Amino acid sequence: MPDVPTAPKARKFRGQVFIDWDRCKGCGFCVDFCPPKVLAFSTDYNSHGYHPPFLANEEGCTGCDLCGLYCPDFAIFGVRVPVGGEEPELASAKP
Ligand code: SF4
Ligand code: SF4
């Protein structure tokens, strides 16, 4: 039986990250260990003079929370959000 092309599955979840801007020490663990490499360093400084990360590719985040597991300062975490569902209450601390 020949292969029949199928439409890509619609995503049921998307990822979202929350960053406590002023807790970050700029170590880069989250940026380095994010599996899909969707984090990047901001060019802005936080109040301690570090460059915190930001979500550079919103579509690529899976919400796996590996960034949160690796962060030594509890400054970032990821969550899975149902597509079309309500936004989480938390707000990013990035100014
Ligand atoms: S939740 Fe996962 S995919 Fe999203 S930024 Fe963190 S490590 Fe990367
Ligand atoms: S792992 Fe934590 S402290 Fe290090 S750059 Fe990422 S958010 Fe900042």
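For sorting a ligand shell by class, Ala, Val, Leu, Ile, Met, Phe, Trp, Tyr, Cys and Pro count as nonpolar, Asp, Glu, Lys and Arg as charged, and the others, Gly among them, as polar. With that in hand, the shell around ligand 2 splits into 10 nonpolar, two polar and two charged residues. Please keep in mind that this is a predicted model.

**Ligand 1**
- Around ligand 1 there are 15 residues, and the closest are Cys34, Cys61, Cys64, Cys67 and Gly78.
- Two elements, β1 (13-19) and α2 (66-70), each contribute at least two residues to the shell of ligand 1.
- Sorted by class, this shell holds 10 nonpolar, four polar and one charged residues.

**Ligand 2**
- Ligand 2 is surrounded by 14 residues, of which Cys24, Cys27, Cys30, Cys71 and Ala75 are the closest.

**Nonpolar core**
- The largest nonpolar core is made of 17 residues, and Ile19, Cys30, Leu39, Cys67 and Ile76 have the most contacts inside it.
- At least two residues of this core come from each of β1, α1 (29-33) and β3 (53-55).
- In soluble globular proteins, nonpolar side chains tend to be buried together.

**Glutamate 58**
- You will find glutamate 58 in the loop between β3 and α2.
- Glutamate 58 counts as exposed because 12 other C-beta atoms lie within 10 Å, and the cut-off for exposed is 12 or fewer.
- Between glutamate 58 and leucine 39 there is a C-alpha to C-alpha distance of 9.0 Å, with the two 19 residues apart in sequence.

Methods. Residues are numbered from 1 along each chain as its sequence is written. Chains are lettered from A and ligands numbered from 1 in the order in which they are written. This is a predicted model: local features need pLDDT of at least 70, side-chain atom pairs count only at pLDDT 80 or more; totals for chains, interfaces and linings use all residues. A residue is near a molecule or strand if its C-beta atom, placed from the backbone, lies within 6 Å of it. Helices (H or I, at least four residues) and strands (E, at least two) are DSSP runs, numbered from the N terminus. A nonpolar core is a set of buried Ala, Val, Leu, Ile, Met, Phe, Trp, Tyr and Cys residues joined through C-beta atoms within 7 Å. A residue is buried if 20 or more other C-beta atoms lie within 10 Å of its own, exposed if 12 or fewer, and partly exposed in between; C-beta atoms are placed from the backbone.
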